[in-house]
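Thanks for coming. I will go through one model this morning, starting with a helix and ending with the chain as a whole.

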Amino acid sequence: MKVPGTPTGSPERARNISNAGNTGAVAPSKERKQGGTPVADVDSKYADKVAISGRAKDAARAKEVASSAPDVDEAKVARLKAAIEGKSYNIDADKIADRLVDEHLFGGR
């Protein structure tokens, strides 16, 4: 009979799962056939090594810089607001139309 919420497999596996949180660390496990013979061992010399590409490092740095930047450029907002209120902000309708067409045709490239 299967009781909902209990681990499946051998009683040894159930003990390992229930005791995993007691030490704060999880020991490496071995896959086993039905007879208890190890199928594959994880080579521990590779367990602590991680290789990060230069591109990934650049992406992480870019994310860090972007997240530290303010969301709103207050100085730019103030300049635009003053230009609009002073009626000196000129809009070039042809440039806007060209940009809309380009974005529609080429996806903003």
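Take helix 4, residues 93-106: its 14 residues, at 1.5 Å a residue, should span 20 Å, and the end C-alpha atoms are 20 Å apart, so the two agree. The expected span here is 1.5 Å times one less than the number of residues. Helices are DSSP runs of H or I of at least four residues, strands are runs of E of at least two, and both are numbered from the N terminus.

Before going on, this is a predicted model: local features need pLDDT of at least 70, side-chain atom pairs count only at pLDDT 80 or more, and totals for chains, interfaces and linings use all residues. Residues are numbered from 1 along each chain as its sequence is written, and side-chain values use heavy atoms, with hydrogens and water left out.

Is helix 4 covered or in the open? The number of buried residues among its 14 is 0, so helix 4 lies largely in the open. Buried means under 20% relative accessible area, exposed means over 50%, and partly exposed is in between, with a 1.4 Å probe and protein chains only.

At the start of helix 4, Asp 92 has a side-chain oxygen within 3.2 Å of the backbone nitrogen of Asp 94. Just after the helix comes Gly 107, with a positive phi of about 70°.

The partners are Glu 103 and Arg 99, with their closest N and O atoms 3.3 Å apart. These two are 4 residues apart in helix 4, so about one helical turn separates them. An α-helix has 3.6 residues a turn, so residues three or four places apart point the same way. Glu 103 is partly exposed at 39% relative accessibility, while Arg 99 counts as exposed at 54%.

**The other helices**

The structure holds 2 salt bridges. Arg 61 is partly exposed, with a relative accessible area of 48%, and Glu 64 is partly exposed at 48%.

Helix 3 has 12 residues, which should span 16 Å at 1.5 Å a residue; its end C-alpha atoms are 16 Å apart, which agrees. Which residue just after helix 3 takes a positive phi? That is Lys 87, at about 60°, although Lys 87 is not a glycine. Lys 87 lies in the loop between helix 3 (74-85) and helix 4, and is exposed, with a relative accessible area of 75%.

**The whole chain**

There are 4 helices and 2 strands, in the order α-β-β-α-α-α along the sequence. Of the 109 residues, 1% count as buried. The chain exposes about 10,600 Å², of which carbon and sulfur atoms supply 55%; these areas come from the Shrake-Rupley method with a 1.4 Å probe, and for residues only the protein chains shown count as cover.

Last, confidence. pLDDT is the predictor's confidence in each residue, from 0 to 100. The chain averages 74, and 55% of the residues score at least 70. Over residues 18-27 pLDDT stays under 50, and the model has 1 contact (heavy atoms within 4.5 Å) for them beyond four places in sequence. Where pLDDT is low, the predicted coordinates should not be read in detail.

Technical notes: A polar contact is a pair of N or O atoms within 3.5 Å; within protein, one must be able to donate a hydrogen and the other to accept it, and residues adjacent in sequence count only if both atoms are side-chain atoms. A salt bridge is a side-chain nitrogen of Lys or Arg within 4 Å of a carboxyl oxygen of Asp or Glu.
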